Amino acid sequence: MPSYRPWDQIVLGHHERLRWAVRDVRIYLQRDSQAWWYCSFRGEQALLMPDVQTGSKDDGLPEKSDLSWRRWAFGEERPYAVIRPAVPDRPLVVRTDPPAVVPPECRATFYLAIPVWAAIAIPSPERADTLRDLQVVPSDELSSTWFGDLGSGILSYSLTSTAQPEVSMLPRDPLSAVCCCTLFNKSTEDLPVEKICLQASHLALFESGGRLWTNEAFVSIKGGDEGSRVRFGKLPPRTIREPVHLREAEKVDDDNPLKRSFLFGR
Amino acid sequence: MTFDFLHFPLPGFIEDALRFLAADRTQQIVSVVLTLLVGFILLRILMRVVRGIIRKHSDEHTSIVISRILFYILGAILLLVVLQSIGLELTALLGAAGVLSLAFGLAAQTGLSNLISGFFLLWERPFRVGDLIEVDGVVGSVLSVDLTSTKLRKLDNIYVRIPNENLVKATVMNITRHPIRRMDFTIGVAYKEDPARVIDVLKKVAAANPLVLDSPEALVLFQGFGDSAQEFLFGVWFEKTTFVAVRNKVLCDVKASFDKEGIEIPFPYRSLVAGSGDPIRVELATKATGLVLPSTDKQ
């Protein structure tokens, strides 16, 4: 039974089954002649090491009474399906603990642990070289939050992890990607930073040295009514060697780069 | 052809119409019918296209408003063109239209009021198609905002038609206008319980529920001393589409947490007093008290 790394692209033959187990997330994907089947659940015990195996359909399944399979009836049209990383479907709010203050004309870099979900994807019907997600399996149950004022805020996920000044302070987790976010305070006043709201749809995913990374985010704050300008780079920080591209960002260019809600100080 | 036999003068446009009908103009009638038919079909197609284009750039409500206004304007133009093509004098028609509209207006006051109210609603947009609103105690989601009435579907799938005039006059509560809402619960606990501990437990219930928003924070307010319980207002913020799940989960969690922490949810106590004397003494009927109820066992 061959083993793979979590985000390897695996082509399953007919009547073969893939068992994808990373941390406490379990996904089973199997192929028949006319359909793809899938089920997922959260395991009781967290795995220290990712475990991805292929085998025949008759390989034992865990004894779970509530295990329910879903079926996609594609016939022979979709030759393969892959499990690939995905970012959550809403903006993410990360706290800085303790709250930080960025003085005028100064830069500050924060490292954020972005939760990574597992997406089952197939070749897109329009373009065979691109993938389309069929199902996204959340790796964590994220708590919802509202970012901004009641009239013009945005529904987001609240992360339990906090923004850290160094990457080494973030735990290594196979279902978490590091995002490097640099703030540049261009205003004439101190910038208090309590929470950072990151537009997850602008994040691409990369792998380097067994760790997942996102593209860099740069924020410059001019203060007053001018709000903040957000720019997302195309790659992780330069210090990351040979990043392997795993997933494109959902949105590449922002329609309105001036986002007042990006940073929420005080 | 003349209409002298009527012995009174006819308005110009009626005379035109009668003359048109009296003459043998089969071809012209067919042409008018065809023009109206084709014009109407083209208008409907145009409306669909316009609605589709607007919906791509805006919401459903705006597309309905713009397409309807366009439909009525173009429809009126089509009608005028057809009338002119058959030789009706439009200036006379428009002049008579003023008099007719006054008479018609008096007769159809309610209908016109609803029509004008409909334009107000479409313009002001207090709600949109799909919103959940409450009007005069009726709660339902908006199916359509038409020119004379607004249609709702109640939560139990009952269809409700509300005249637009009523909507303009009434207080309308749009429940789903904003993406997030607060759900309030009044929770009573026994007087023996420590209120600070109750507040702490309720805050933990809110924090542990992923459907309850972290921010804005849940509101826990000690409201006062009720007849049988200390009363707390517990308000949690949630995303509007998760109403049922949040309500069920929060109430279940509060009950479970109170049970776990040994916090009593009391039921009302009543003391019965007869006349001005002491309360009636109530004792359990046991052998110890000497009060034994007649046996109901079937021997």
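Two strands pair if DSSP finds at least two bridges between them. Keep that in mind as you tour this predicted model.

**Stop 1**

Select strand β16 of chain A, residues 205-208. Click on A:Glu207. Which residue of β17(A) stands opposite A:Glu207? The residue there is A:Leu212.

β16(A) has another partner to select: strand β20 of chain A, residues 244-247. Three bridges join β16(A) and β20(A), again in an antiparallel run. Find A:Leu205, whose bridge partner in β20(A) is A:Arg247.

**Stop 2: an open sheet**

Select β7, β10 and β11 of chain A. These three strands form an open sheet in that order, with antiparallel pairing. Which strands stand at the edges? They are β7 (82-86) and β11 (131-137) of chain A. Each has a single partner strand, so one side of each is left without a neighbour in the sheet. Turn the view to see the twist, which averages 40 degrees from one strand to the next.

Zoom in on β7(A) and β10(A), residues 117-123 of chain A. Five bridges join them. Pick A:Ala86 and look across to A:Trp117 in β10(A), which stands opposite.

**Stop 3: a loop residue**

Select A:Asp32. This residue lies in the loop between β3 (25-31) and β4 (36-42) of chain A. A:Asp32 counts as buried because its relative accessibility is 15%, and the cut-off for buried is under 20%. Show its side chain together with that of A:Trp37. A polar contact of 3.0 Å joins the two.

**Stop 4: all of chain A**

Zoom out. Chain A has 21 strands and zero helices. Of its 266 residues, 52% count as buried. The chain exposes about 13,800 Å², and carbon and sulfur atoms supply 48% of that area.

**Stop 5: a helix in chain B**

Move to chain B, which has eight helices and eight strands. Select helix α2, residues 26-57. How far does α2(B) reach from its first C-alpha to its last? The span is 47 Å over 32 residues, close to the 46 Å expected. Colour its buried residues, including B:Leu43, B:Met47, B:Val50 and B:Ile54. An α-helix has 3.6 residues a turn, so residues three or four places apart point the same way.

**Stop 6: a buried valine**

Select B:Val205 in helix α7 of chain B, residues 195-208. B:Val205 is buried, with a relative accessible area of 5%. Leaving aside residues up to four places away in sequence, B:Val205 touches B:Phe234, B:Val250, B:Asp253, B:Val254 and B:Ser257. Now pick B:Val254. B:Val205 and B:Val254 are 49 residues apart in sequence, yet 6.5 Å apart in space, C-alpha to C-alpha.

**Last stop: all of chain B**

Zoom out again. Buried residues make up 31% of the 299 residues in chain B. Its accessible surface comes to about 19,600 Å², of which 62% belongs to carbon and sulfur atoms.

Notes:
Residues numbered from 1 in each chain as written. Chains lettered and ligands numbered in written order. Predicted model: local features only at pLDDT ≥ 70, side-chain atom pairs only at ≥ 80, totals over all residues. Heavy atoms only, no water. Helix = DSSP H or I, 4+ residues; strand = E, 2+ residues; numbered from the N terminus. Buried < 20%, exposed > 50% of the residue type's maximum accessible area, 1.4 Å probe, protein only. Areas by Shrake-Rupley, 256 points an atom, 1.4 Å probe, with all protein chains shown as cover. Polar contact = N/O pair within 3.5 Å; in protein donor to acceptor, adjacent residues only side chain to side chain. Axes fitted to C-alpha atoms, helices over the stretch in contact; angles between N-to-C directions. Expected span 1.5 Å × (residues − 1). Contact = heavy atoms within 4.5 Å.
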